[in-house]
Amino acid sequence: MSNYEGKIISCKDICFAYDGMPVLSHISFDVMDGECLAFMGPNGCGKSTLFKIINGLAFPELGTYQFKGKSIDRKTLDDATFAKVFHQQVGFIFQNSDLQLFCSNVREELEFGPVQMGLAKEDIERRVGDVAAMLSLESLLDRAPYHLSGGEKKRVAIGCILTMNPQVLILDEPLAGLDEQSQKWLLGFLQSLKKSGKTIIFATHDRDLANSLADRILTIDSNHRLLGEMH
Amino acid sequence: MSEDILASQSNNLKMDPDRENSAGDFVLLPDWMDRDIVYHPRKDRDGFVTKSVLKLLSVFSRFRQNSRVRETRISVWVKFVTVLTIILLDALATNMFFVYINLALVLVLMVTLDSKSLKPVFFQAIIGTAIAFIICAPAVFLGSGRSAIIISSKVFVSVSLVGMLGYTSPWNEITSSLKVFHLPDIMILTFDLALKYILLLGDICLNMLTAIRLRMVGKNESKESALSGVLGNTFIRSREMSKDMYDAMVCRGFEGQYIKKKLHLKKIDIVVFVFLACLMALFIYLELDYAGSI
Amino acid sequence: MHIPENYLSPSTCAVMTVAMVPVWARAIKKVNAELPKEKIPMIGVGAAFSFLGMMFNIPLPGGTTGHAVGGTLIALLLGPDAACLAVTIALLIQALLFGDGGILAFGANCFNMAFLLPYVGYYVYKLIVGNSQSQGRKIAGAAFGSYLGINVAALAAAIEFGIQPYLFTDAAGQALYCPYGLGVAIPSMLIGHLTIFGLAEVIYTVAIYSFVNATAKQEQDVKKTNKKAVYILMAALIALVPLGLIAEGTAWGEWGADEIMEITGLSYVPSGLENGWALESIFPDYTMAGIPDVAAYILSAIVGVAIAIILFRLFAAAKKEKTDYGTI
């Protein structure tokens, strides 16, 4: 993955439909390295589907999606090595953390990505330790994820993505279902991630969050088209 | 119902979701909505909803109870192996002395439980034992009078042991300890997922059952449709959830492999194993020495 | 139908577990081959669904309720191999974490409920439906499949119970495990399953299967399709329910907490209790024969003290079960 001139993500004219019903029509946008981008729009406008496409979990029917200048489609992701590199670099944090956690305990959740990446044992331990400290998960390491509270689950979900050290972080409704304090904390955390140079893309209904965090806000309307940009 | 309450309600009702909420932009309510009704429901029995709700709630309270369990000094997998061995020896024993020793052991262990776990473990065991005794009691006439005593004592031992294991160990560690039996890692993953989804899907079921109960204001002619609605919807939701879950796994580099870590042996675990070895030796000694002495 | 601990001999349990090993192996292999990795989470989710289904009470005519095992439904929704694994895990959770069904008897319970039930149910369904696309036949298939499935499973459990007294007795000729022979076990198990539990299983399977089918295919008119065969079966079962209720105090072999009262209502209990519940009869002299006096004395002391402490603590715990909400 070489010459992409800072355009880490480039979507051109993306269209997607479920059973003939359009969900995304002619969506085009670029994301630069280190940029923070917010997506807004009504329920059902296609934000979640767009995020699936960006994560390589769904593929557009028309149009192209390039990550670091390399096209992401069924064929390129069939190459297991490439798919692994891609998934390591793009981290996706679901709106519903319940669907994202599947291991016996929090430590295994945090280790899962690095283990799949084949890192050395000391490396894995260091990453888990650092991320746990960063998200104050130390006291939860041996607990089952299904026993945690909503806020704790969200922190674990973020942690298990961060241990893979992705370059791009994608968050679907990051503040949904969190209490005020957790929301404040998460906002601050995302701001510090942004400062450290991570590219962040998130969807939200919260205009305050979008204004305070994002460099650019893109809006998708109820006809599944991209509206003009707001700064 | 007072006038102004109705007025404020209809304000909310008449808002057209697709338009901007500007004042005075109302949809007219049909006239029957403005009147109070006198309603005499017919009698109906909907015990199945209540019973199902209670059953689900009991499952939830078990999960809640388990979430408070903290690590014990003995490794969970060692406890698991020990419980299994004692249950096996207990079932194999033809010697009442050995069963009696186990009974004493189990009771002593029970004394060490905290009050919150002691109660359910003890009653679970007592009920199991009583049922076994009553079921087997008529066998007196078939010439097997003593089986009632043997079986119910054995039942007490095994039910208490399983109860103590479940109430004193975090469930995620019980699933991890299945690795001792060389269960494939993928099965352990599936086991963990099942536990998690019992909570998630159970919550969905519970909410739907509550919604049904709240709307059951008359005679329900097709009770099965309530049942099929709750479980059918839950199943469809569960399919969507499992699809999303797979996506989440792919996002973290999952390729069909799931690696569980090896289990560790602590010092106290060795003590437990030594004790277990003594018990096995005693079992063999007694079976040889007192065979047929029941 | 969950067989508890100590009703089957360990050797029966071992045989049943060994019999399950190739079934599990084949199911895992087939699931791996036919359901690729995407479906791995589905088995866990299916197990959770199966577990929850067993928690549901099914409304039966006359205001009573029954339980379903639901193995056939899972087989129809996920295929028999995935169903086998899903029900296995649901049973493991019940045995290990909820104390429902024995751990040693786990193999036997799996053989009945995770192997016989879903496979019989599924193949009967296939036999009836064939290549037909008719909704009526599908529903008839689901009804007969689930009915036969649960009865075959119950029969298997009855046979497992019933062979115990022929095979395992102590030196004095007393049964070591389930004391009832086939002549008692089979009718006791089957009367209930041919009537109440069979009906519960049919209602459960048909209701949910047709719901999922209708929603999946957007066919809202299933209700109007020909379900004559199902109605006949249902009517017959409904007619049999009172018989089942009279004959059946509870699910034979699944003696649960809420059923103990019903069981004590049975006529034979008083005569069984004639021997008395007095303490000395629980450990009568002959049971201690051959035990050294000192050991017997020490053990009795330990048991006595432990029971006393447990009772005392239960009494104390019952009194102070208040939550501390702290001060205002």
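Let us start on the outside of chain B: His182(B) is exposed, with a relative accessible area of 73%. On this scale, buried means under 20% relative accessible area, exposed over 50%, and partly exposed in between, using a 1.4 Å probe and protein chains only. His182(B) sits in the loop between α7 (171-176) and α8 (185-215) of chain B, and its phi is near 55°, a positive value in a residue other than glycine. Helices (H or I, at least four residues) and strands (E, at least two) are DSSP runs, numbered from the N terminus. Asp13(A), however, belongs to strand β1 (residues 7-18) of chain A and is partly exposed, at a relative accessible area of 38%.

Before going further, a word on how to read the model. It is a predicted one, in which local features need pLDDT of at least 70 and side-chain atom pairs count only at pLDDT 80 or more, while totals for chains, interfaces and linings use all residues; side-chain values use heavy atoms, with hydrogens and water left out. Residues are numbered from 1 along each chain as its sequence is written, and chains are lettered from A and ligands numbered from 1 in the order in which they are written.

The confidence score, pLDDT, is the predictor's confidence in each residue, from 0 to 100. For chain B its mean is 78, and 80% of the residues reach 70 or more. Over residues 5-11 of chain B, pLDDT stays under 50, and the model has five contacts for them beyond four places in sequence; contact means heavy atoms within 4.5 Å. Where pLDDT is low, the predicted coordinates should not be read in detail.

Now turn to where the two chains meet. Chain B gives 35 residues to the contact and chain A gives 32 residues. The area buried between them is about 2,900 Å², with carbon and sulfur atoms giving 56% of it. Buried area here is the accessible area (1.4 Å probe) that two parts lose on being put together, summed over both. Asn172(B), Cys251(B) and Arg252(B) supply 28% of the area that chain B buries against chain A, more than any other three residues.

How many salt bridges are there between chain B and chain A? The count is three salt bridges, where a salt bridge is a side-chain nitrogen of Lys or Arg within 4 Å of a carboxyl oxygen of Asp or Glu. On the chain B side, the elements that give two or more residues are α2 (47-67), α7, α8 and α9 (223-251).

Lys52(A) is partly exposed at 22% relative accessibility, whereas Asp247(B) is buried at 4%.

Ala248(B) also lies in helix α9 of chain B and is buried, at 1% relative accessibility. Leaving aside neighbours within four places in sequence, Ala248(B) is in contact with Phe94(A), Leu99(A) and Gln100(A).

Over all chains, the count comes to 11 salt bridges. One of them, within chain A, joins Arg107(A) and Asp142(A), with the closest N and O atoms 3.9 Å apart. Arg107(A) lies in helix α4 (residues 106-117) and Asp142(A) in the loop between α5 (121-134) and α6 (150-162) of chain A, so the pair ties together parts that are 35 residues apart in sequence. Another salt bridge joins the side chains of Lys194(A) and Asp215(A) (3.2 Å, N to O). This pair links helix α7 (residues 180-195) of chain A with the loop between α8 (207-213) and β9 (216-219) of chain A, 21 residues apart.
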